[in-house]
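Hi,

Here is the structure I promised to pass on. Have a look, and then read on for what turned up in it.

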Amino acid sequence: MGMSYSTAKWVAPTSFLIDFAAQQYGMLSKPNMKDIHDKNLSFFSPQPFFIAGFFFPQQLLQLAWLYRLYKLDPKKPGERGELDQIVDFVPYYSIGNLCIATWMVFWNSERLDISNIFVMINSLSQLYYVIAKLPPMNTNSTSSILTHIVSKTFAGIGVLDFLHNGSVAFAKDQAASTMVKVLTGVGFGLASTASDWIFGGCLVYDLVALAVGQSARDSGWSKTLAAYAVGSAAIVAAKNLARPPYNGPNSGYSTTATDDMQDRV
């Protein structure tokens, strides 16, 4: 999914502005996005303010990433490699922004079945990039660091979006079954074992948001989610302290072909 430098420099900011405008529509319209959330609850409904609290700093990081997209000059050999790391993510970044913007329209129209389609496209495309396309982080490269942060936070909150929208679209007002509880624990546990600090931190944040959101609906399920959050945090910390995931002089190991695949998430 290659893209020229000139195309990337207008596609990425345009998609950001479209998404930003859609978010304003979602917050200012009547009913707004929170009103729809409160009317449609299920076993994967998070505390909505956790989502807002996530996206505000994440958008600031996006702006820093977009600034480097504009600042770096591909004609300068020393900057071309830095720019290539950013441009490689632009198609997935732009798809994500456009999907989130379209999701907002259908969410506020309470067409949660249709909004779920765009959530799935966004979440799966971001996870695909992080798992299959993103090269290991170079801690000596600002572009590499920002691309890792932006892409992994997109993918991390995409996991929460996927669970949330799917549950309210197809299991509204239902409680978590034993199967759902088991699969949630196993799924987050396995994902935590393959995650670095960034994506792993997002998984823990997702679980905390779910635990708080479920506290008023199902206290038992809320406590289980909180336990999962503690367990996920412990797994992520143990894995990354024992084997630092980033290359560079302080990483503690050299990236191999096998390590490369494991540490892309």
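Arg68 and Glu82 form a salt bridge, with their closest N and O atoms 2.9 Å apart. This pair joins distant parts of the chain, since Arg68 sits in helix α3 (residues 48-71) and Glu82 in helix α4, 14 residues apart. Please keep in mind that this is a predicted model. Arg68 is buried, at a relative accessible area of 14%, and Glu82 counts as buried too, at 17%.

The whole structure has five salt bridges. Another of them pairs Lys39 with Glu110, again with 2.8 Å between the closest N and O atoms. Here Lys39 belongs to helix α2 and Glu110 to the loop between α4 and α5, 71 residues apart. Lys39 is partly exposed at 48% relative accessibility, and Glu110 is partly exposed at 34%.

Asp38 and Lys34 make a salt bridge as well, their closest N and O atoms being 2.8 Å apart. Both lie in helix α2 (residues 33-39), four residues apart, or about one turn of the helix.

Now for the helix packing. The axes of α4 (residues 77-108) and α5 (residues 112-133) come within 8 Å and cross at roughly 165°, so the two helices run roughly antiparallel. Their crossing is left-handed. The residues in this contact comprise 15 nonpolar, seven polar and two charged. Among those on the α4 side are Phe89, Tyr92 and Trp103, while the α5 side includes Phe118, Val119 and Tyr129.

Finally, Ser222 lies in helix α9 (residues 219-242) and is buried, with a relative accessible area of 10%.

Best wishes

Notes. Residues numbered from 1 in each chain as written. Predicted model: local features only at pLDDT ≥ 70, side-chain atom pairs only at ≥ 80, totals over all residues. Heavy atoms only, no water. Axes fitted to C-alpha atoms, helices over the stretch in contact; angles between N-to-C directions. Parallel < 35°, antiparallel > 145°, perpendicular 65-115°, else oblique. Left-handed = near helix turned anticlockwise from the far one by under 90°. Contact = heavy atoms within 4.5 Å. Nonpolar A, V, L, I, M, F, W, Y, C, P; charged D, E, K, R; others polar. Buried < 20%, exposed > 50% of the residue type's maximum accessible area, 1.4 Å probe, protein only. Salt bridge = Lys/Arg side-chain N within 4 Å of Asp/Glu carboxyl O.
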